[in-house]
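Here's a quick briefing on how two chains come together. Take a look at the structure first, then the notes below.

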There are 2 protein chains.
Amino acid sequence: MRPVFYVSDGTGITAETIGHSLLTQFEGVEFDTRRIPFVDSLDKARAAARTIREAGERVGKQPIIVNTVVDSQLIEALAESGALMLDVFTPFIQPLEKILGVKRQPRVGHAHGMVDFAAYERRIDATNYALSHDDGIDVHYDDADLILVGVSRSGKTPTCLYMALHYGVRAANYPLTPDDLEESELPKRLRPHRKKLFGLTIDPVRLQQIRQERKPDSRYATLEQCRREVAAAERLFRQEGIPALSTTHTSIEEIASKVLASLGIHRHMF
Amino acid sequence: MRPVFYVSDGTGITAETIGHSLLTQFEGVEFDTRRIPFVDSLDKARAAARTIREAGERVGKQPIIVNTVVDSQLIEALAESGALMLDVFTPFIQPLEKILGVKRQPRVGHAHGMVDFAAYERRIDATNYALSHDDGIDVHYDDADLILVGVSRSGKTPTCLYMALHYGVRAANYPLTPDDLEESELPKRLRPHRKKLFGLTIDPVRLQQIRQERKPDSRYATLEQCRREVAAAERLFRQEGIPALSTTHTSIEEIASKVLASLGIHRHMF
(Lines give C-alpha, C1' and ligand atoms only; values in the text may rest on other atoms or scores of the structure.)
Protein backbone atom coordinates (compact mmCIF):
# COMPACT_ATOMS: atom_id res chain seq x y z
CA MET A 1 0.00 0.00 0.00
CA ARG A 2 1.28 3.43 -1.00
CA PRO A 3 1.77 5.70 2.06
CA VAL A 4 -0.09 9.02 1.83
CA PHE A 5 0.23 11.81 4.40
CA TYR A 6 -2.17 14.71 4.85
CA VAL A 7 0.12 17.37 6.30
CA SER A 8 -1.12 20.69 7.64
CA ASP A 9 -0.24 23.54 9.96
CA GLY A 10 -3.85 23.37 11.16
CA THR A 11 -6.28 20.49 11.56
CA GLY A 12 -5.46 18.88 8.22
CA ILE A 13 -9.13 18.86 7.21
CA THR A 14 -8.58 20.72 3.94
CA ALA A 15 -5.65 18.46 3.03
CA GLU A 16 -7.62 15.33 3.87
CA THR A 17 -10.74 16.49 2.03
CA ILE A 18 -8.97 17.21 -1.24
CA GLY A 19 -6.59 14.27 -0.84
CA HIS A 20 -9.48 11.87 -0.34
CA SER A 21 -11.27 13.30 -3.39
CA LEU A 22 -8.10 12.86 -5.49
CA LEU A 23 -7.32 9.33 -4.36
CA THR A 24 -10.86 8.05 -4.98
CA GLN A 25 -10.24 8.84 -8.66
CA PHE A 26 -7.67 6.03 -8.72
CA GLU A 27 -9.85 3.07 -8.13
CA GLY A 28 -8.12 -0.20 -7.38
CA VAL A 29 -4.96 1.45 -6.03
CA GLU A 30 -4.51 0.89 -2.30
CA PHE A 31 -3.39 3.74 -0.09
CA ASP A 32 -2.28 3.84 3.52
CA THR A 33 -3.39 7.31 4.54
CA ARG A 34 -2.46 9.26 7.66
CA ARG A 35 -3.02 12.78 8.95
CA ILE A 36 -0.18 14.85 10.43
CA PRO A 37 -1.89 18.00 11.77
CA PHE A 38 -0.47 21.09 13.52
CA VAL A 39 2.91 21.10 11.73
CA ASP A 40 3.66 24.71 12.66
CA SER A 41 7.39 24.71 13.52
CA LEU A 42 10.61 23.63 11.90
CA ASP A 43 11.05 20.88 14.48
CA LYS A 44 7.64 19.44 13.76
CA ALA A 45 8.21 19.65 9.99
CA ARG A 46 11.51 17.78 10.33
CA ALA A 47 9.90 15.13 12.54
CA ALA A 48 7.08 14.75 10.01
CA ALA A 49 9.62 14.39 7.18
CA ARG A 50 11.39 11.58 9.08
CA THR A 51 8.10 9.75 9.70
CA ILE A 52 7.18 10.08 6.03
CA ARG A 53 10.59 8.95 4.74
CA GLU A 54 10.54 5.91 7.02
CA ALA A 55 7.02 4.95 5.94
CA GLY A 56 8.18 5.00 2.32
CA GLU A 57 11.31 2.98 3.06
CA ARG A 58 9.31 0.38 4.97
CA VAL A 59 7.19 -0.50 1.94
CA GLY A 60 9.74 0.41 -0.74
CA LYS A 61 7.48 3.02 -2.34
CA GLN A 62 7.76 6.77 -2.72
CA PRO A 63 5.25 8.31 -0.31
CA ILE A 64 2.81 11.07 -1.25
CA ILE A 65 2.28 14.26 0.74
CA VAL A 66 -0.94 16.20 0.31
CA ASN A 67 0.15 19.47 1.88
CA THR A 68 -1.59 22.63 3.06
CA VAL A 69 1.34 24.04 5.06
CA VAL A 70 1.94 27.56 3.75
CA ASP A 71 5.35 28.52 5.23
CA SER A 72 8.01 27.92 2.57
CA GLN A 73 10.70 27.01 5.11
CA LEU A 74 8.46 24.29 6.53
CA ILE A 75 7.58 23.07 3.04
CA GLU A 76 11.31 22.70 2.30
CA ALA A 77 11.78 20.67 5.46
CA LEU A 78 8.88 18.42 4.46
CA ALA A 79 10.37 17.94 0.98
CA GLU A 80 13.43 16.37 2.64
CA SER A 81 11.25 13.27 3.05
CA GLY A 82 11.66 12.53 -0.66
CA ALA A 83 7.88 12.24 -1.06
CA LEU A 84 5.87 13.39 -4.03
CA MET A 85 4.65 16.75 -2.78
CA LEU A 86 1.15 17.81 -3.79
CA ASP A 87 0.91 21.36 -2.57
CA VAL A 88 -2.79 22.13 -2.39
CA PHE A 89 -2.63 25.93 -2.19
CA THR A 90 0.41 26.79 -4.34
CA PRO A 91 -1.10 26.52 -7.86
CA PHE A 92 -3.90 28.93 -6.98
CA ILE A 93 -2.13 31.65 -5.04
CA GLN A 94 -0.55 33.45 -7.99
CA PRO A 95 -3.72 33.66 -10.13
CA LEU A 96 -5.63 34.87 -7.06
CA GLU A 97 -3.01 37.49 -6.22
CA LYS A 98 -3.17 38.72 -9.80
CA ILE A 99 -6.96 39.03 -10.03
CA LEU A 100 -7.34 40.51 -6.53
CA GLY A 101 -4.38 42.83 -6.84
CA VAL A 102 -3.12 42.02 -3.33
CA LYS A 103 -0.60 39.60 -1.85
CA ARG A 104 -1.85 36.80 0.34
CA GLN A 105 -0.98 36.86 4.03
CA PRO A 106 0.06 33.36 4.96
CA ARG A 107 -1.23 32.82 8.46
CA VAL A 108 -0.30 29.55 10.07
CA GLY A 109 -3.29 27.42 10.96
CA HIS A 110 -5.70 30.05 9.77
CA ALA A 111 -8.06 28.08 7.60
CA HIS A 112 -9.60 25.89 10.27
CA GLY A 113 -8.32 27.68 13.31
CA MET A 114 -9.65 30.63 15.22
CA VAL A 115 -13.27 31.40 14.64
CA ASP A 116 -15.35 34.38 15.46
CA PHE A 117 -17.77 33.92 18.32
CA ALA A 118 -20.81 34.74 16.17
CA ALA A 119 -20.15 31.83 13.80
CA TYR A 120 -19.41 29.49 16.71
CA GLU A 121 -22.63 30.53 18.39
CA ARG A 122 -24.67 29.91 15.24
CA ARG A 123 -23.36 26.36 15.04
CA ILE A 124 -23.91 25.64 18.71
CA ASP A 125 -27.33 27.23 18.69
CA ALA A 126 -28.34 25.22 15.62
CA THR A 127 -26.98 22.02 17.17
CA ASN A 128 -28.96 22.62 20.36
CA TYR A 129 -31.99 23.30 18.23
CA ALA A 130 -31.55 20.04 16.33
CA LEU A 131 -31.15 18.15 19.60
CA SER A 132 -34.23 19.65 21.22
CA HIS A 133 -36.33 19.27 18.06
CA ASP A 134 -35.33 15.71 17.39
CA ASP A 135 -38.00 13.08 16.87
CA GLY A 136 -40.89 15.47 17.32
CA ILE A 137 -40.19 15.99 21.02
CA ASP A 138 -40.45 19.76 20.90
CA VAL A 139 -43.05 21.06 18.50
CA HIS A 140 -42.22 24.75 18.17
CA TYR A 141 -41.41 24.78 14.51
CA ASP A 142 -41.86 28.52 13.98
CA ASP A 143 -38.15 29.25 14.04
CA ALA A 144 -37.10 26.10 12.17
CA ASP A 145 -35.31 26.68 8.88
CA LEU A 146 -36.53 23.29 7.74
CA ILE A 147 -38.23 20.12 9.02
CA LEU A 148 -37.18 16.68 7.85
CA VAL A 149 -40.06 14.22 7.69
CA GLY A 150 -39.78 10.46 7.39
CA VAL A 151 -40.37 7.09 9.02
CA SER A 152 -38.28 6.03 12.01
CA ARG A 153 -34.63 5.31 11.04
CA SER A 154 -34.75 6.91 7.63
CA GLY A 155 -31.72 9.12 8.44
CA LYS A 156 -33.35 12.29 9.81
CA THR A 157 -31.32 12.81 13.00
CA PRO A 158 -27.77 12.59 11.61
CA THR A 159 -28.76 14.79 8.67
CA CYS A 160 -30.21 17.43 11.00
CA LEU A 161 -27.08 17.38 13.17
CA TYR A 162 -24.81 17.61 10.14
CA MET A 163 -26.71 20.61 8.76
CA ALA A 164 -26.61 22.29 12.18
CA LEU A 165 -22.87 21.75 12.66
CA HIS A 166 -21.83 22.65 9.13
CA TYR A 167 -24.34 25.19 7.91
CA GLY A 168 -25.74 26.58 11.16
CA VAL A 169 -29.18 25.60 9.88
CA ARG A 170 -31.98 25.07 12.40
CA ALA A 171 -33.18 21.69 11.27
CA ALA A 172 -36.03 19.99 13.12
CA ASN A 173 -37.26 16.53 12.37
CA TYR A 174 -40.62 14.88 12.60
CA PRO A 175 -40.95 11.08 12.62
CA LEU A 176 -43.97 9.78 10.74
CA THR A 177 -45.43 7.20 13.13
CA PRO A 178 -47.61 4.31 11.97
CA ASP A 179 -50.55 6.30 13.41
CA ASP A 180 -49.65 9.34 11.32
CA LEU A 181 -49.35 7.17 8.23
CA GLU A 182 -52.79 5.63 8.68
CA GLU A 183 -54.33 9.09 8.51
CA SER A 184 -52.92 9.49 4.97
CA GLU A 185 -52.80 13.22 5.39
CA LEU A 186 -50.20 15.61 6.71
CA PRO A 187 -50.02 15.55 10.53
CA LYS A 188 -51.77 18.62 11.90
CA ARG A 189 -48.77 20.25 13.50
CA LEU A 190 -46.84 20.14 10.22
CA ARG A 191 -49.51 21.84 8.14
CA PRO A 192 -48.57 25.46 8.94
CA HIS A 193 -44.98 24.72 7.88
CA ARG A 194 -45.53 23.05 4.54
CA LYS A 195 -42.84 25.08 2.76
CA LYS A 196 -40.19 23.97 5.25
CA LEU A 197 -40.84 20.26 4.80
CA PHE A 198 -38.51 17.79 3.13
CA GLY A 199 -39.17 14.06 3.04
CA LEU A 200 -36.57 11.35 3.54
CA THR A 201 -37.32 7.90 2.27
CA ILE A 202 -35.34 4.67 2.23
CA ASP A 203 -35.36 1.24 0.65
CA PRO A 204 -37.56 -1.01 2.88
CA VAL A 205 -35.03 -3.87 2.79
CA ARG A 206 -32.29 -1.54 4.01
CA LEU A 207 -34.63 -0.04 6.63
CA GLN A 208 -35.42 -3.52 7.87
CA GLN A 209 -31.68 -4.20 8.38
CA ILE A 210 -31.20 -0.97 10.34
CA ARG A 211 -34.26 -1.55 12.53
CA GLN A 212 -33.31 -5.18 13.10
CA GLU A 213 -30.01 -4.03 14.61
CA ARG A 214 -31.81 -1.47 16.72
CA LYS A 215 -34.68 -3.64 18.00
CA PRO A 216 -34.05 -7.24 16.99
CA ASP A 217 -37.08 -9.33 16.12
CA SER A 218 -39.62 -6.64 16.92
CA ARG A 219 -42.71 -6.02 14.82
CA TYR A 220 -41.10 -2.64 14.09
CA ALA A 221 -38.22 -4.47 12.36
CA THR A 222 -40.26 -6.78 10.12
CA LEU A 223 -39.91 -6.32 6.39
CA GLU A 224 -43.67 -6.16 6.05
CA GLN A 225 -43.95 -3.27 8.51
CA CYS A 226 -41.04 -1.42 6.86
CA ARG A 227 -42.63 -1.87 3.41
CA ARG A 228 -45.98 -0.61 4.61
CA GLU A 229 -44.55 2.47 6.36
CA VAL A 230 -42.26 3.45 3.49
CA ALA A 231 -45.02 3.06 0.89
CA ALA A 232 -47.41 5.17 2.99
CA ALA A 233 -44.74 7.86 3.57
CA GLU A 234 -43.88 8.06 -0.13
CA ARG A 235 -47.58 8.27 -0.99
CA LEU A 236 -47.95 11.14 1.49
CA PHE A 237 -44.96 13.03 0.02
CA ARG A 238 -46.39 12.72 -3.50
CA GLN A 239 -49.91 13.63 -2.49
CA GLU A 240 -48.81 16.70 -0.52
CA GLY A 241 -46.13 17.78 -3.01
CA ILE A 242 -43.33 17.46 -0.45
CA PRO A 243 -39.88 17.19 -2.10
CA ALA A 244 -38.24 13.93 -1.08
CA LEU A 245 -35.04 11.94 -1.45
CA SER A 246 -34.00 8.35 -0.84
CA THR A 247 -31.19 8.05 1.69
CA THR A 248 -30.36 4.45 0.78
CA HIS A 249 -27.30 5.10 -1.38
CA THR A 250 -26.59 8.64 -0.31
CA SER A 251 -23.97 10.00 2.08
CA ILE A 252 -24.97 12.36 4.87
CA GLU A 253 -23.09 15.19 3.10
CA GLU A 254 -25.01 14.58 -0.08
CA ILE A 255 -28.40 14.38 1.62
CA ALA A 256 -27.69 17.65 3.46
CA SER A 257 -26.52 19.35 0.29
CA LYS A 258 -29.58 18.25 -1.69
CA VAL A 259 -32.06 19.20 1.02
CA LEU A 260 -30.63 22.72 1.27
CA ALA A 261 -30.51 23.16 -2.51
CA SER A 262 -34.09 21.91 -2.86
CA LEU A 263 -35.47 24.26 -0.19
CA GLY A 264 -33.45 27.18 -1.54
CA ILE A 265 -31.49 27.63 1.68
CA HIS A 266 -28.11 29.18 0.85
CA ARG A 267 -25.66 29.01 3.71
CA HIS A 268 -21.93 28.91 3.93
CA MET A 269 -20.23 25.89 5.32
CA PHE A 270 -18.35 26.17 8.58
CA MET B 1 -17.72 42.19 -3.42
CA ARG B 2 -16.02 39.76 -5.77
CA PRO B 3 -18.35 36.87 -6.77
CA VAL B 4 -16.92 33.42 -6.06
CA PHE B 5 -18.63 30.16 -7.08
CA TYR B 6 -17.88 26.72 -5.67
CA VAL B 7 -18.86 24.49 -8.58
CA SER B 8 -19.02 20.71 -8.35
CA ASP B 9 -20.57 17.64 -9.95
CA GLY B 10 -21.21 16.41 -6.39
CA THR B 11 -22.03 18.24 -3.16
CA GLY B 12 -19.41 20.95 -3.63
CA ILE B 13 -17.90 20.28 -0.21
CA THR B 14 -14.36 19.76 -1.51
CA ALA B 15 -14.57 22.90 -3.65
CA GLU B 16 -15.96 24.95 -0.76
CA THR B 17 -13.41 23.59 1.73
CA ILE B 18 -10.37 24.45 -0.38
CA GLY B 19 -11.95 27.65 -1.69
CA HIS B 20 -12.64 28.88 1.82
CA SER B 21 -9.08 28.03 2.88
CA LEU B 22 -7.69 29.97 -0.09
CA LEU B 23 -9.87 33.04 0.33
CA THR B 24 -9.10 33.41 4.05
CA GLN B 25 -5.48 34.02 2.99
CA PHE B 26 -6.61 37.29 1.43
CA GLU B 27 -7.69 39.19 4.47
CA GLY B 28 -9.59 42.42 3.90
CA VAL B 29 -10.86 41.37 0.47
CA GLU B 30 -14.62 40.85 0.43
CA PHE B 31 -16.09 37.88 -1.39
CA ASP B 32 -19.65 36.98 -2.25
CA THR B 33 -19.47 33.19 -2.24
CA ARG B 34 -22.03 30.73 -3.55
CA ARG B 35 -22.18 26.97 -4.02
CA ILE B 36 -23.43 25.40 -7.28
CA PRO B 37 -23.57 21.65 -6.55
CA PHE B 38 -24.58 18.70 -8.75
CA VAL B 39 -23.41 20.19 -12.06
CA ASP B 40 -23.39 16.83 -13.85
CA SER B 41 -24.77 17.59 -17.32
CA LEU B 42 -24.02 19.99 -20.15
CA ASP B 43 -27.31 21.79 -19.56
CA LYS B 44 -26.50 22.37 -15.90
CA ALA B 45 -22.97 23.52 -16.74
CA ARG B 46 -24.30 26.03 -19.27
CA ALA B 47 -26.90 27.30 -16.79
CA ALA B 48 -24.17 27.66 -14.15
CA ALA B 49 -21.98 29.57 -16.62
CA ARG B 50 -24.83 32.00 -17.30
CA THR B 51 -25.43 32.57 -13.58
CA ILE B 52 -21.73 33.16 -13.04
CA ARG B 53 -21.34 35.53 -15.99
CA GLU B 54 -24.35 37.58 -14.84
CA ALA B 55 -23.04 37.80 -11.28
CA GLY B 56 -19.78 39.22 -12.62
CA GLU B 57 -21.53 41.68 -14.90
CA ARG B 58 -23.76 42.88 -12.08
CA VAL B 59 -20.81 44.06 -9.98
CA GLY B 60 -18.39 44.76 -12.84
CA LYS B 61 -15.81 42.26 -11.61
CA GLN B 62 -14.43 39.07 -13.08
CA PRO B 63 -15.92 36.21 -11.02
CA ILE B 64 -13.88 33.32 -9.63
CA ILE B 65 -14.79 29.65 -10.00
CA VAL B 66 -13.36 27.11 -7.58
CA ASN B 67 -14.09 23.98 -9.53
CA THR B 68 -14.07 20.24 -8.80
CA VAL B 69 -16.02 19.16 -11.90
CA VAL B 70 -13.90 16.53 -13.66
CA ASP B 71 -15.55 16.17 -17.09
CA SER B 72 -13.59 18.27 -19.59
CA GLN B 73 -16.67 19.05 -21.69
CA LEU B 74 -18.43 20.45 -18.63
CA ILE B 75 -15.32 22.42 -17.64
CA GLU B 76 -15.29 24.01 -21.10
CA ALA B 77 -18.93 24.99 -20.72
CA LEU B 78 -18.16 26.56 -17.32
CA ALA B 79 -15.22 28.47 -18.80
CA GLU B 80 -17.71 30.23 -21.11
CA SER B 81 -18.64 32.33 -18.07
CA GLY B 82 -15.38 34.27 -18.45
CA ALA B 83 -14.52 33.61 -14.79
CA LEU B 84 -11.06 32.93 -13.41
CA MET B 85 -11.11 29.13 -13.23
CA LEU B 86 -9.33 27.53 -10.30
CA ASP B 87 -9.47 23.87 -11.11
CA VAL B 88 -8.85 22.08 -7.83
CA PHE B 89 -8.01 18.60 -9.16
CA THR B 90 -6.19 19.34 -12.42
CA PRO B 91 -2.69 20.25 -11.13
CA PHE B 92 -2.43 17.02 -9.17
CA ILE B 93 -3.79 14.44 -11.59
CA GLN B 94 -0.73 14.18 -13.83
CA PRO B 95 1.85 13.75 -11.03
CA LEU B 96 -0.44 11.17 -9.41
CA GLU B 97 -0.92 9.26 -12.66
CA LYS B 98 2.85 9.21 -13.11
CA ILE B 99 3.73 7.94 -9.62
CA LEU B 100 0.89 5.40 -9.53
CA GLY B 101 1.38 4.22 -13.10
CA VAL B 102 -2.37 4.22 -13.81
CA LYS B 103 -4.85 6.65 -15.34
CA ARG B 104 -7.50 8.15 -13.14
CA GLN B 105 -11.12 7.20 -13.74
CA PRO B 106 -13.14 10.38 -13.59
CA ARG B 107 -16.42 9.44 -11.96
CA VAL B 108 -18.99 12.16 -11.72
CA GLY B 109 -19.95 12.98 -8.17
CA HIS B 110 -17.75 10.29 -6.76
CA ALA B 111 -15.88 12.08 -4.02
CA HIS B 112 -18.79 12.81 -1.71
CA GLY B 113 -21.38 10.60 -3.31
CA MET B 114 -22.25 6.98 -2.80
CA VAL B 115 -20.95 5.45 0.37
CA ASP B 116 -20.62 1.91 1.47
CA PHE B 117 -23.10 0.80 4.10
CA ALA B 118 -20.38 -0.11 6.59
CA ALA B 119 -19.03 3.44 6.70
CA TYR B 120 -22.53 4.88 6.91
CA GLU B 121 -23.36 2.55 9.75
CA ARG B 122 -20.23 3.53 11.68
CA ARG B 123 -21.19 7.17 11.49
CA ILE B 124 -24.81 6.57 12.46
CA ASP B 125 -23.84 4.20 15.23
CA ALA B 126 -21.33 6.70 16.61
CA THR B 127 -23.88 9.51 16.37
CA ASN B 128 -26.46 7.47 18.27
CA TYR B 129 -23.79 6.66 20.82
CA ALA B 130 -22.93 10.34 21.27
CA LEU B 131 -26.63 11.19 21.66
CA SER B 132 -27.30 8.50 24.22
CA HIS B 133 -24.08 9.23 26.14
CA ASP B 134 -24.57 12.97 26.24
CA ASP B 135 -24.40 14.82 29.53
CA GLY B 136 -23.77 11.72 31.61
CA ILE B 137 -27.25 10.32 31.00
CA ASP B 138 -26.09 6.84 30.08
CA VAL B 139 -23.07 5.68 32.02
CA HIS B 140 -21.87 2.65 30.10
CA TYR B 141 -18.48 3.91 29.11
CA ASP B 142 -16.91 0.53 28.38
CA ASP B 143 -17.30 0.84 24.64
CA ALA B 144 -16.53 4.56 24.47
CA ASP B 145 -13.50 5.51 22.38
CA LEU B 146 -13.15 8.63 24.50
CA ILE B 147 -14.98 10.67 27.14
CA LEU B 148 -14.97 14.46 27.11
CA VAL B 149 -15.05 15.97 30.59
CA GLY B 150 -15.83 19.59 31.44
CA VAL B 151 -18.21 22.01 33.10
CA SER B 152 -21.64 22.66 31.61
CA ARG B 153 -21.45 24.59 28.28
CA SER B 154 -17.74 24.11 27.72
CA GLY B 155 -18.35 22.66 24.23
CA LYS B 156 -18.57 18.92 24.90
CA THR B 157 -21.75 18.03 23.02
CA PRO B 158 -21.01 19.61 19.62
CA THR B 159 -17.48 18.22 19.71
CA CYS B 160 -18.77 14.70 20.44
CA LEU B 161 -21.30 14.94 17.62
CA TYR B 162 -18.69 16.25 15.21
CA MET B 163 -16.29 13.43 16.03
CA ALA B 164 -19.10 10.89 15.62
CA LEU B 165 -20.26 12.23 12.26
CA HIS B 166 -16.80 12.76 10.80
CA TYR B 167 -14.59 10.14 12.32
CA GLY B 168 -17.10 7.50 13.44
CA VAL B 169 -15.64 7.85 16.94
CA ARG B 170 -17.78 6.82 19.90
CA ALA B 171 -17.44 9.92 22.00
CA ALA B 172 -19.24 10.15 25.34
CA ASN B 173 -19.28 13.22 27.51
CA TYR B 174 -19.47 13.76 31.22
CA PRO B 175 -20.47 17.12 32.68
CA LEU B 176 -18.61 18.07 35.83
CA THR B 177 -21.35 19.31 38.14
CA PRO B 178 -20.71 21.72 41.02
CA ASP B 179 -21.12 18.67 43.30
CA ASP B 180 -18.44 16.76 41.40
CA LEU B 181 -16.13 19.74 41.59
CA GLU B 182 -16.47 20.10 45.35
CA GLU B 183 -15.16 16.58 45.75
CA SER B 184 -11.90 17.64 44.09
CA GLU B 185 -11.30 14.14 42.88
CA LEU B 186 -12.27 12.26 39.75
CA PRO B 187 -15.95 11.22 39.83
CA LYS B 188 -16.19 7.54 40.66
CA ARG B 189 -17.70 6.37 37.40
CA LEU B 190 -14.89 7.98 35.39
CA ARG B 191 -12.05 6.32 37.30
CA PRO B 192 -11.97 3.02 35.38
CA HIS B 193 -11.68 4.99 32.12
CA ARG B 194 -8.87 7.37 32.95
CA LYS B 195 -7.03 6.78 29.65
CA LYS B 196 -10.08 7.75 27.62
CA LEU B 197 -10.56 11.10 29.33
CA PHE B 198 -9.97 14.48 27.75
CA GLY B 199 -10.80 17.76 29.50
CA LEU B 200 -12.39 20.79 27.88
CA THR B 201 -12.01 24.11 29.56
CA ILE B 202 -13.11 27.63 28.65
CA ASP B 203 -12.52 31.24 29.60
CA PRO B 204 -14.93 32.03 32.49
CA VAL B 205 -16.00 35.35 30.94
CA ARG B 206 -16.92 33.59 27.71
CA LEU B 207 -18.68 30.82 29.66
CA GLN B 208 -20.68 33.41 31.51
CA GLN B 209 -21.89 34.90 28.20
CA ILE B 210 -22.94 31.49 26.89
CA ARG B 211 -24.76 30.54 30.10
CA GLN B 212 -26.40 33.94 30.32
CA GLU B 213 -28.01 33.34 26.92
CA ARG B 214 -29.09 29.88 27.98
CA LYS B 215 -30.48 30.70 31.44
CA PRO B 216 -30.58 34.46 31.87
CA ASP B 217 -29.85 35.82 35.34
CA SER B 218 -29.53 32.43 36.99
CA ARG B 219 -26.92 31.65 39.62
CA TYR B 220 -25.53 29.21 37.03
CA ALA B 221 -24.81 32.17 34.74
CA THR B 222 -23.01 34.41 37.24
CA LEU B 223 -19.38 35.21 36.56
CA GLU B 224 -18.47 34.14 40.06
CA GLN B 225 -19.99 30.69 39.60
CA CYS B 226 -18.33 30.29 36.17
CA ARG B 227 -14.95 31.30 37.61
CA ARG B 228 -15.26 28.88 40.50
CA GLU B 229 -16.31 25.93 38.32
CA VAL B 230 -13.65 26.50 35.66
CA ALA B 231 -10.87 26.89 38.26
CA ALA B 232 -11.95 23.68 40.01
CA ALA B 233 -12.18 21.78 36.72
CA GLU B 234 -8.72 22.93 35.60
CA ARG B 235 -7.30 21.98 39.00
CA LEU B 236 -8.84 18.53 38.64
CA PHE B 237 -7.38 18.05 35.15
CA ARG B 238 -3.90 19.00 36.38
CA GLN B 239 -4.11 16.90 39.52
CA GLU B 240 -5.33 13.81 37.66
CA GLY B 241 -3.04 14.29 34.66
CA ILE B 242 -5.96 14.57 32.22
CA PRO B 243 -4.98 16.25 28.93
CA ALA B 244 -7.05 19.37 28.41
CA LEU B 245 -7.70 22.16 25.95
CA SER B 246 -9.40 25.53 26.07
CA THR B 247 -12.30 25.82 23.64
CA THR B 248 -12.52 29.61 23.90
CA HIS B 249 -10.73 30.49 20.65
CA THR B 250 -10.91 27.12 18.97
CA SER B 251 -13.20 25.87 16.22
CA ILE B 252 -15.08 22.60 16.64
CA GLU B 253 -12.91 21.07 13.88
CA GLU B 254 -9.75 22.05 15.69
CA ILE B 255 -10.93 20.81 19.09
CA ALA B 256 -11.89 17.46 17.53
CA SER B 257 -8.60 17.17 15.70
CA LYS B 258 -6.56 17.96 18.83
CA VAL B 259 -8.51 15.60 21.07
CA LEU B 260 -8.03 12.69 18.65
CA ALA B 261 -4.32 13.46 18.18
CA SER B 262 -3.80 13.73 21.95
CA LEU B 263 -5.50 10.41 22.70
CA GLY B 264 -3.71 8.68 19.82
CA ILE B 265 -6.94 7.85 17.99
CA HIS B 266 -6.24 7.61 14.26
CA ARG B 267 -9.35 7.57 12.16
CA HIS B 268 -10.11 8.62 8.65
CA MET B 269 -12.53 11.40 8.05
CA PHE B 270 -15.82 10.65 6.36
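Chain A splits into domain 1 (2-100) and domain 2 (117-263), according to the domain assignment. Keep in mind that this is a predicted model.
- Chain A can be laid on chain B with an RMSD of 0.1 Å, using a turn of 180° and a shift of 0.0 Å along the axis.
- The two copies are thus related as by a two-fold rotation axis.
- Since 99% of the interface residues of chain A are also interface residues in chain B, the copies meet through the same surface.

**How much surface is involved**
- On the chain A side, 83 residues are in contact with chain B, and 83 residues of chain B are in contact with them.
- Putting the chains together buries about 8,100 Å² between chain A and chain B.
- Carbon and sulfur atoms give 65% of that buried area.
- Which three residues lead on the chain A side? A:Gln25, A:Phe26 and A:Phe92 supply 9% of the area that chain A buries against chain B, more than any other three residues.

**Polar and charged links**
- There are four salt bridges between chain A and chain B.
- In a salt bridge between the two chains, the side chain of B:Arg123 meets that of A:Glu253, with an N to O distance of 2.9 Å.
- Polar contacts between chain A and chain B come to 21 residue pairs, counting pairs with both residues at pLDDT 80 or more.

**What the chain A side is made of**
- Helices giving two or more residues to the side of chain A that touches chain B include α1 (13-23), α4 (90-100), α5 (117-132), α6 (156-167), α8 (204-214) and α10 (252-263).
- The strands β2 (31-36) and β4 (84-87) of chain A also give two or more residues each to that side.
- Sorted by class, the side of chain A that touches chain B has 39 nonpolar, 25 polar and 19 charged residues.

Technical notes:
Residues numbered from 1 in each chain as written. Chains lettered and ligands numbered in written order. Predicted model: local features only at pLDDT ≥ 70, side-chain atom pairs only at ≥ 80, totals over all residues. Heavy atoms only, no water. Contact = heavy atoms within 4.5 Å. Buried area = accessible area lost by both parts, 1.4 Å probe. Polar contact = N/O pair within 3.5 Å; in protein donor to acceptor, adjacent residues only side chain to side chain. Helix = DSSP H or I, 4+ residues; strand = E, 2+ residues; numbered from the N terminus. Nonpolar A, V, L, I, M, F, W, Y, C, P; charged D, E, K, R; others polar. Least-squares fit on C-alpha atoms with pLDDT ≥ 70 in both. Domains from an automatic or database assignment.
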